[in-house]
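Work through the exercises below with the structure in view. Each task is followed by a solution in steps.

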Amino acid sequence: MKLDVQQVLNWLEKTNEKIQMNKEYLTSLDRAIGDGDHGINMSRGFQEAIDKTTTTTYISVSDVLKDVAMTLISKVGGASGPLYGTAFLKMSMVVKNRELIDKKTLENALESALEGILQRGKAQLNDKTLVDVWTPVVDLLKAKEVIKGSELEEVAKNAMESTKERMAKKGRAAYLKERSIGHLDPGSVSSYYLFASLAEVLSEEE
Amino acid sequence: MKKIINDPNVVVQDMLKGLVAAYPNSLKQVPNTTVIVRKDAPITGKVGLVSGGGSGHEPAHAGYVGQGMLDAAVCGEVFTSPTPDQVYEAIKAVNGGAGVFLVIKNYTGDVMNFEMATELALADGIEVEQVIVNDDVAVEDSSFTTGRRGIAGTIFVHKIAGAKAQAGGSLQEVKAIAEKVVANVRSMGMALSPCTVPAAGKPSFELAENEMEVGMGIHGEPGTERKAIATADDIATELTQKVLDDMALNRDDEVAVMVNGLGSTPEMELYIVNGKVNEILKEKGIHIHKTFVGEYMTSLEMAGCSVTLLKLDEELKELLDAESKAPAFLS
């Protein structure tokens, strides 16, 4: 597999579409166990990111990812802004000066992004945060020589759904303790949209 | 949703325009930001104090910008932490060469965004220190989780650290006194009705006509218990007791009391609550140095209140009593 600038842009646009379409849903998930702004913040940030990338000409994939990172950092706010912003910034650093992202580079980029998220958010696996989706996705990439879109989507979806049964240990949902069980983690759902979109782009290539 | 607004997407910008218009001699807005600074900022040789967070808690934090308190407030979207670039602008705007001190309420987003801004400022050679306020005893204090939230007790940090900086305290001295306040301040709140974030258009939660939620956070985060509404005396007793249970207060200790309204609770009710708080403390032989009753840290139009106690010593008392020219805290 190889992702060029156009495919990376495509990935981001698909992600944005899913976020815009599910803005209310993300917000309602956050209203249940957080502060009810995840959909609002993500839709504002990703729309701004897409506005930026669709009006800019790119030669390298790292510039695309860097612009997305900077836009998310400055436009999303809350906890999601620094977390997603850091993730894209780390990816951008890994793919620096490349025109294409191959499978190994994608693996390294997502792994570095996950490390950035862990460092910034100080969360661990199973704390009911987006780490719970990013970790199995990175593990899948590391385990497989070839990555299929359908596999990626399935792993991300199962990981997202598994957050429902966990008790939150980080973020505002942690205040609820046992009462956070039975609700999906909104950040894991938005991360699922990101990986489901990546899966679609990979499937189109297969 | 029924609100006096123009457009839910620009409520923060619209509010800041009106705020600066109200205090043209003391406040200014850093152009193209949501940062409010003292009109005379930066003050050479003085530690700059920056706080901030999501909007919707007015007068926190921009109302506390002024001589003797904050140098800048960074105003995020409603209930959403401001972004690192905005915090960084505030740090630059108040850097008078003696370093900048950040007062951060303990929320995951606030801590991350302020820390990213700190990294940017350090890269610029600006010295930055911070304190994280976590006064809400409704939340279990645990190092394995996010920990306690920062609520109305934050105002005492602004006041006392602000007075220390105004008196010429160094960055380390300001940090030490702010940490001392955090170690000695505790709060607990309750709510009767929810609030509606303008951009969301819907209330953040629901409470039945006869219900209240004890331990409710200032963004509508769930509290410790939802139960039938009680009398003011019972509510005051429960909140005060929870706060006292978490503090080492002895007979003859001195405290400052804050009974804070969350947005749509009449002062009448706040004074009723304060009457009982006062009675409880007196019964325990605890001296009340000063009492603050009013809206200091609100939650849009939420109905409810919080009770904050700050254990004082001579140093804290002197700084609490020092002059402040901040519009929302004149003393």
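**Exercise 1.** State how far apart the C-alpha centres of domain 1 and domain 2 of chain B lie.

Solution. The C-alpha centres of these two domains of chain B are 23 Å apart. Domain 1 covers 8–183 and domain 2 covers 185–320; such bounds come from an automatic or database domain assignment.

The model is predicted: local features need pLDDT of at least 70 and side-chain atom pairs count only at pLDDT 80 or more, while totals for chains, interfaces and linings use all residues. Residues are numbered from 1 along each chain as its sequence is written, and chains are lettered from A and ligands numbered from 1 in the order in which they are written.

**Exercise 2.** Describe the side of domain 1 of chain B that touches domain 2 of chain B.

Solution. Step one: 29 residues of domain 1 of chain B contact 31 residues of domain 2 of chain B, where contact puts the C-beta atoms, placed from the backbone, within 7 Å. Step two: helix 4 (154–166) and helix 5 (171–184) of chain B each supply at least two residues of this side of domain 1. Helices are DSSP runs (H or I, at least four residues), numbered from the N terminus. Step three: helix 4 of chain B gives the most, with 7 residues.

Terms used
Two residues are in contact if their C-beta atoms, placed from the backbone, lie within 7 Å.
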